[in-house]
Amino acid sequence: MHAAAAGAVSNTDSLARVLSSMPDNITKYNFCESIIRMQDYAHPENAILAGRTMVSVAEKLGNDSLHVSALASLYGVYYFIGDFENAIDCILKALKICDRIDSPVMRAELLMSTGVTYRSMNQFEKAFEYYNKGFEIMYKHPIESKIWRYLMNVGILYDDLKKHDSALLYISKAYVFALEGGDTVMLPKIRGNYFISLINAGMYREAENMLPEIGRALEKLDPRMRVQTLIYISKFYINKKDYTTAMQYAQDAFKLSTAINSVSMQNVALNHLSYLYEVTGNYKASLETYKKAEILNDSVLGQEHIKMIEDLNIRYETYKKNQEIENLNLQKKLDTRQKLALLIITLLTVAFAFILYKRQLAIRKRDRELFEKSEALLKTEKILAETKLQAAEREIEHQKNQLESSTRAIIEKNMLLEELKMKISQLNSTTEKATDEKLEKIKELIDSQLLTEEQWNEFRKKFEAVHRTFFVRLKELYPDITNAEMRLAALIKLKLSNREMAAMLGVSEETIYKTRYRLRKRMNLENEASIDAILLEKF
C-alpha cells in the first residue's frame, strides 16, 4: 500500500500534503521509508524530505534504534547524490546515538559507512581510522560475513593512494571471504572494483580477460557502481585506441548518471567525456563538456532544497502537538492479546538471536583461521623470496672472487714467465751457441704457456658467470670486433692496468696501446670519450 502511494508522489509539495494527511507517526515513518526504498533517482528531493521526516518522527518517539535507522537512510540519500558534507553529518550523529544502543552489528556498519564517505571526500587518514574501528568490532563480536567489506574498502582506499599491488591483494581477499561466506550478491561489486584497480595499475591485459565477466555483471551493480564501471571500461578502450567503443561507454555512463540524478557521478562522467574529446582532437567539445562539469559542480542541492527543508520544519512544528496526542492514544489501545503477542515475538526473537549468535561464533572462528592462514602464507613466501635473493647474491659474490683470484693468478704466472724470459735473454750473450739454442727453445716453451687457449676459455667461463651479457652485447653492437679486441675489452671491464693487461695476455704494453686504439675506432668513440668509462657503465 505504501509503495503504491509513494509511486503517486511526483514532487515535494504533493509529498508534504500526503504526509500531513497521515493518521499517526508510525504510518508516516513507514511511508517515508518506502519512498527512500523506491530509489526514485529522478526526484531526489522527495527522498531527502522523506528522510528528514523519518528523523523527526524518530526524535518525537524517543526511539534510539529508529533514530539511528532514520539517520542512516537520510545518509544514504545524501551520499548517493554526492552531498558528502550532509552525508557525513548524518552518519556521525547516528554513531553518537548508537553509543546508547548495544548493537555491534549496527555500529560496525555505521563505522564502515563513515570510512567510505571520508574516502569519497579524499580524507584518507580518517577513512583508514574508521575502517579499522569497524574491523575491530567485527573481530570482537560475531558479525556474519562482514570481513569482506572491510577488505574491499581498504583495497579501494589503497587504489586511491595509487598503491595498486596492495589494492589488488585486499580486493582479492575480499572476494575469497565473500565467496566463503556465501554473500554472492556482493561478488559482482567486488569483481567490478578489482577490474577498476587493474585499469588504474595499467594491467590492461589482465583487465581484458575480465571484460566478458564485467559485461555480464553490469546489470547486477548498483547505479553508482555501474556508472563508475562504464567509465573504466571506456578507459580500457582508450588504451587500445578504440575511441569509438570508448565514446559509446562514456556516453552510456553519462546517460545513466543523469537518469539517476547523481550530481557527483554526472560530474565524473562529464570530466571523462571532456578528456576523451581532447584525446580524439575534438577540443571544442572537450571545452564545452568541461564547462558543463564545472557548472554542475557548483549546483549541488541549491536554494530549492533549502526552501524544501524550511517548509518541512514548519509542517513538523504544526503537527507536533497532534502527533503527541495520537501516540498516547495508540499506547492505551494495546490490550492483553497484543501484549501476549508481543511477548511471544520477543521470545522467538531471543531464540533466533541465540541460534544466530552460535552460528556467528563459528563463522567468526572460521574467518579468523582463514585470515591467519593467509597471513602465514604471505610471510612464508616473503621469507623464501628473501632466502633465494640472499643465495643469489652470495653466488655472484663467490663468482666475482673466483674471477679476481683466477685473473691475479694468471697475471702473476705470466709476469714470472716474462721475468724468466728476460733473464734467459741476458744469458744468451754469455753462453755458447749450443746453449743459446737450448735457451731459445726454453723461451719458446715459455711463450706457449703465457696464455693458452684452454686458460682463456676457463677465464671466459668465469668472466661470463659474473658479466653474463658482456660478450653478447659487444658482438651485437660491433659484429666485426676481433677476438683480441674482445679480450682487451674484458680486461678493461675488470679495471686492470695496462701493465696487468700486458702480463695477462703475454704481450707488451705497446701492443696493449695499439689494441686500445683499434678498439676505440671499432666503437666509433670521440677523442674525449673514455673507453674505460663506457665499458664499465654500459656493458
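Over the ring of which residue does the charged end of Lys133 sit? That ring belongs to Tyr130, and the charged end lies 4.9 Å from its centre. Here a charge counts as over a ring if NZ of Lys or CZ of Arg is within 6 Å of the ring centre and within 35 degrees of the ring normal. Lys235 likewise lies over the face of Tyr232, at 4.2 Å from the ring centre.

A word on the source: this is a predicted model, where local features need pLDDT of at least 70, side-chain atom pairs count only at pLDDT 80 or more, and totals for chains, interfaces and linings use all residues. Residues are numbered from 1 along each chain as its sequence is written, and side-chain values use heavy atoms, with hydrogens and water left out.

Now to the aromatic pairs. Rings of Phe, Tyr and Trp (its six-membered ring) pair if their centres lie within 6.5 Å; planes under 30 degrees apart are stacked, over 60 edge-to-face, and the rest tilted. That rule gives 14 aromatic pairs. Two of them are shown here:

| Pair | Centre distance | Plane angle | Type |
|---|---|---|---|
| Phe128 and Tyr158 | 5.5 Å | 65° | edge-to-face |
| Phe470 and Phe471 | 5.5 Å | 80° | edge-to-face |

Buried means under 20% relative accessible area, exposed over 50%, and partly exposed in between (1.4 Å probe, protein chains only). Phe128 is therefore partly exposed at 21%, whereas Tyr158 is buried at 18%. Phe470 is buried at 1%, and Phe471 is buried too, at 3%. Phe470 and Phe471 also belong to one aromatic cluster with Trp456, Phe459 and Phe463.
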